[in-house]
Amino acid sequence: MIHELKKMKQTITTFLFMVVTAYAKSQSPLAIPPLLEGPVFDLQVQAGTTQFWPGINTPTYGVNGNILAPTLLLHKGEEVELNVTNNLSTSTTMHWHGLHVAAANDGGPHQSIAEGATWSPQFTVMNNAGTYWYHPHGENKTDLQVSKGIAGMIIVKDDAEAALELPRSYGLDDFPVVIQTKSFDVLHQIQIATHADTLVMVNATVNPYLDAPAQVVRLRVLNGSSERSFKIGFSNNMTFTQIATDGGLKATPYETSRLMLAPGERTEILINLNELQGESFSLMNFGSELPNGIIGAQTVGTMATLPGYDENPLNGANFSLLQINVTAPTTNAITTIPSSLVEVLPWNQSDVNVERTMLLSPMEMGMANMVEGPFGINNVQFNMDVVNEIIPLNNIEIWTITNQTQIAHPFHIHDVQFYLIDINGASPLPEQQGWKDVVLVMPMQSVSFITKFEHFADPITPYMYHCHLLHHEDEGMMGSFTVVDPNSITNLTEDNLILPFPNPAQGVINITSNQRLSPSETIEIYNTEGKLLMVEYSILENNIEINTDALPNGCYATKLNGKFLTRFIVQK
Ligand code: C2O
Ligand code: CU
């Protein structure tokens, strides 16, 4: 009964809300971010303003513009250079979500870009054709900087994709669809971590429509929201075909009428508009179909709920994301959907070197903490100077993510794409089959994936894994890992172990090798950002003595003659 009443109230508020937003802004054509091609990209991160309501200027951030960022077109095998200039009056970072790059190029919290500075990672594109994205990632500012507008799509193309008959003309039959909801205070300033994200936008266009030709059309859908999940489908209930997951094309297309998309996830779908010229319908969110625990559902939590959550009329509601008007077909239109796509070869479970478990858990005990946090991973919170996992290069690993909270968390890992092997004891759904870098872990459930840590080793600079609910990430629901090449580590074998002493160090630290060293050998000390630091040291027979007085508290890596030797911590 109570549930029924609540539902009725919900329906009425949803209706009123939709009338109000409809008046707030009449329909606008969907903005299509400009497409940039390399090999050199100039990305100016800047502040500006955007009118989400007519006549009201809201301060926003963007790349080469007022809000959002250009779509970057990359080709597999191409050598690119991305010059990211920070014109904000605060530091930022830029992470290439889903791309397989060296840790120093990854744009995590350790690659901070100071005000006025330019960061210029260069790398070879190694990913398969697919839809990726880029956004800031650091210093507890991810949610604010993404919410204020810094987010862009990355399209990777390759030969396998080019060999298929697929729509691929950007803005003509191949469209970026960046779904976001945002929260505003009474002065129409963007605010975060409120659960009051009541404004829906696609490509930062409120109440958008798209004129799409009567043929097979490709939508690249990114959930770029801070915390809301969507269950997408169409108002006319037509089926559509999923062709790609986060990390590229699937083996077989999957026909369905609904797909779930958690924050950070991407999917590519084909919609068949061949027979629909002159018709209009909507890409919808079917929020009423999301189960308890997922932000976006009618309810989150059983014993406690999030403050402000129940008042948000979007929760549990079905609403339009993007109206689609079907227009005349283009010349050379694609009119069919391929029956198979590319080869997807996950690793073999019998080749697994290590299994790791990641517990998603509240850091404090209490019913409210089960939904509100603060949350940690394996009972610790993110620390810039700690490396949580050290992974040998070329390891094939199974990670099991166990959610011990009452809220669903989208777990994301950098560096790799993974393949899901187990969803709480069951096989992954067809829509989850393919390369992934984000997986939504339901309350009190576990998921397992298999992956391989290849090509890039760096004993100093870590990669991240974290919850992609951005305020959870900012609050510390994140860990770090380094990938280390065992062949570049001197003397780190079982019977030849090097242990710095005392560790953590105050003043002098000793590193003892069981080989005699010459006093002329070079010792280098690096911080977690990979910067070489000047320290005094001396070598006597098999002992290295390092004076740590000049080093701030933190974690450091030592190299002997250019090879990684060991790690130590300074704590004064
Ligand atoms: Cu989309 Cu670690 O981020
Ligand atoms: Cu989370």
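In what order do the four strands of the open sheet with E38 and E42 in it come? They run E38-E37-E41-E42, with antiparallel pairing. Keep in mind that this is a predicted model.

**Two open sheets**

- In the E38-E37-E41-E42 sheet, the edge positions go to strand E38 (532–533) and strand E42 (563–570); each has a single partner strand, so one side of each is left without a neighbour in the sheet.
- Further in, strand E37 (residues 523–526) and strand E41 (residues 554–560) run antiparallel and are joined by four bridges.
- If you want a spot to look at in that pairing, isoleucine 523 sits opposite leucine 560 of E41.
- Another open sheet of four strands, again with antiparallel pairing, goes E35-E36-E40-E39.
- Here the edges are strand E35 (500–501) and strand E39 (536–540), and because each has a single partner strand, one side of each has no neighbour in the sheet.
- Strand E36 (residues 508–512) pairs with strand E40 (residues 543–547) in the antiparallel sense, over five bridges.
- Within that pair, threonine 512 has asparagine 543 in E40 as its bridge partner.

**Salt bridges**

- The count for the model comes to 15 salt bridges.
- One of them links arginine 220 to aspartate 174, with the closest N and O atoms 2.9 Å apart.
- Arginine 220 is in strand E17 (residues 216–223) and aspartate 174 in strand E12 (residues 174–184), so the contact ties together parts that are 46 residues apart in sequence.
- Arginine 220 counts as buried at 1% relative accessibility, and aspartate 174 counts as buried at 2%.
- Arginine 228 is buried, with a relative accessible area of 1%, and aspartate 197 counts as buried at 7%.
- Lysine 452 and glutamate 454 form a salt bridge with an N to O distance of 3.7 Å.
- At 22% relative accessibility, lysine 452 counts as partly exposed.

**The largest pocket**

- The largest pocket has a volume of about 470 Å³.
- Its lining is made up of 26 residues, and Met260, Leu429, Glu431, Gln432 and Leu440 are the ones nearest the centre.
- The elements giving two or more residues to this lining are strand E19 (240–245), strand E21 (259–261), strand E22 (266–272), strand E30 (419–423) and strand E31 (438–441).
- By residue type, the lining splits into 13 nonpolar, six polar and seven charged.

- Glycine 38 and proline 39 are joined by a cis peptide bond, with omega about 10 degrees.
- Proline 39 is in the loop between strand E2 (35–37) and strand E3 (40–53).
- A cis peptide bond also joins glycine 373 and proline 374, where omega is about 0 degrees.
- Proline 374 sits in the loop between helix H4 (369–372) and strand E26 (375–377).
- Asparagine 140 has a positive phi, near 60 degrees, despite being a residue other than glycine.
- Look for asparagine 140 in the loop between strand E10 (130–135) and helix H2 (142–147); this asparagine is exposed, with a relative accessible area of 59%.
- Glutamate 541 is not a glycine either, yet has a positive phi of about 50 degrees.
- Glutamate 541 falls in the loop between E39 and E40 and counts as partly exposed at 46% relative accessibility.

Note on methods. Residues numbered from 1 in each chain as written. Chains lettered and ligands numbered in written order. Predicted model: local features only at pLDDT ≥ 70, side-chain atom pairs only at ≥ 80, totals over all residues. Heavy atoms only, no water. Pairing = 2+ DSSP bridges. Salt bridge = Lys/Arg side-chain N within 4 Å of Asp/Glu carboxyl O. Buried < 20%, exposed > 50% of the residue type's maximum accessible area, 1.4 Å probe, protein only. 1 Å grid on protein atoms, 1.4 Å probe; cavity = no way out; pocket = protein on both sides within 12 Å on 5 of 7 lines; lining within 4 Å. Points joined across faces, edges and corners; volume = space filled by probe spheres on them. Nonpolar A, V, L, I, M, F, W, Y, C, P; charged D, E, K, R; others polar.
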